[in-house]
Amino acid sequence: MSILGILTVLVVLSISTTIGPASATMISAPLPIPGNLVPQAGTGSLGIPLPLPNLGIVSIPSLPLSPYSVDQVQTGLVVSDSLTNETKTQQQLQTNPGYWRYGGDAPAEKAPYTFWKDIQGLHIGVQSPANGTWAGYYAVTQDTKAMLFHSVITTPDQTIPSKSNWYENGMYVQNGTANVSYVVCTSNTSIVGTQWVVASVQGNAFGATSENVLWASPMTLTEPTTRDCTIITNGTNYLKVILDGVQVYENNNLNLGMTHTPVTFLEPQTNYAGQLLSGSYKNFFVTSDVNVKVTNNPSLAARVDLVEPTSSSTGQVVASAPVDSSGTATLDIENIPMPLQAYIQVYTSSGIELATTKSPVSLYGGDVYSVDLKSGLNLLG
């Protein structure tokens, strides 16, 4: 049978989950990227390190020196789950799944699987019923209107002792309908070693129609088995992936084929029958955007800075943006690890501070803050 034929069978077997109490749409689990389609030498790109920006050092004065305060009016954090805050067995998670739903094609394949949570994270294990037969099991979110998706992914072993077999463990952002179009950040482990892969797949309700390996690290015996992964995508043409603070892929001219609000899968998949291998996940969060907006700035405001404290009296400016004609400043933090702990400070064109948060705030993409002009009237009056 061809790869496409195999994938078609797998997608039929994997239809098992209804997402969200208000949605009757049946979706299919993401299909594996066959390991032999990923070059073991990688793609040749080392990525672009993204150190915390340093736009200058400024003082952090106390609030009474600033006429206006700055307050949050909208959060950009759509979903947040540390996955380390409770200990539950598989039976307990099945009985009370909470936000997540669990499923996969492992039961239909009569493949061993398990999942549980503890203070180390969410763990999902799966084993192929026979070498060459793919099986997977997953935790999946509800429909999530978002742009940035994050988790820390750990794959269990550096190698598996079997030729022509693979173990994959990743975070998939997938179209929330029956077609299987998705983007993924995943490990790929074989007898040679482990590599990390960024890929996109387009599909329909019957299977995958195209698979694209967009970036891959070399498959080695020294590749990290834990990676901090951030996927930023609009589901149509734009994709950026950041691994451990290094931008490994960015493209705004893709055809990703997502036509519906996405869901996120945390899933290991394997065609190796030698043992049950468990992937682990923690620090999962999703944000609505990659920008922080500060609105309602006073007429004298010229710019807004995000300032990460470096001492009790000074801080490092890590993002800055001008105030536009509507009184709004839009600050891009997509390359900065979230949450960013920083002051929001508003300045005139001559550098006089007009407004600040009372203390550092936890910033996520999509957050909206507003300058409280009434506080200024009280302080000045």
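Reader: Is W100 buried or exposed, and what relative accessibility does W100 have?

Author: Buried means under 20% relative accessible area, exposed over 50%, and partly exposed in between, with a 1.4 Å probe and protein chains only; W100, at 3% relative accessibility, therefore counts as buried. Please keep in mind that this is a predicted model, in which local features need pLDDT of at least 70 and side-chain atom pairs count only at pLDDT 80 or more, while totals for chains, interfaces and linings use all residues. Residues are numbered from 1 along each chain as its sequence is written, and side-chain values use heavy atoms, with hydrogens and water left out.

Reader: How many helices and strands does the protein have, and what share of its residues is buried?

Author: Helices (H or I, at least four residues) and strands (E, at least two) are DSSP runs, numbered from the N terminus. The protein has three helices and 29 strands, and buried residues make up 54% of its 381 residues.

Reader: How is a pair of aromatic rings described, and which pair does W100 form?

Author: A pair of aromatic rings is described by the distance of the centres and the angle of the planes. Rings of Phe, Tyr and Trp (its six-membered ring) pair if their centres lie within 6.5 Å, and planes under 30 degrees apart count as stacked, over 60 as edge-to-face and the rest as tilted. The whole structure holds nine aromatic pairs. In one of them, the ring centres of W100 and F284 are 5.0 Å apart and the planes stand at 65°, so the pair is edge-to-face. Because W100 lies in the loop between α2 (90-95) and β7 (101-103) and F284 in strand β21 (residues 277-287), the pair ties together parts that are 184 residues apart in sequence. F284, at 0% relative accessibility, counts as buried.

Reader: Which aromatic pair does F285 form?

Author: F285 pairs with Y364 edge-to-face, at 5.4 Å centre to centre and with 75° between the planes. F285 lies in strand β21 and Y364 in the loop between β28 (361-363) and β29 (368-372), so this pair ties together parts that are 79 residues apart in sequence. Both F285 and Y364 are buried.

Reader: Where is T141 found, and what does its side chain reach?

Author: A polar contact is a pair of N or O atoms within 3.5 Å; within protein, one must be able to donate a hydrogen and the other to accept it, and residues adjacent in sequence count only if both atoms are side-chain atoms. T141 is found in the loop between β11 (138-140) and β12 (148-154), and its side chain reaches the backbone nitrogen of T264 at 2.9 Å.
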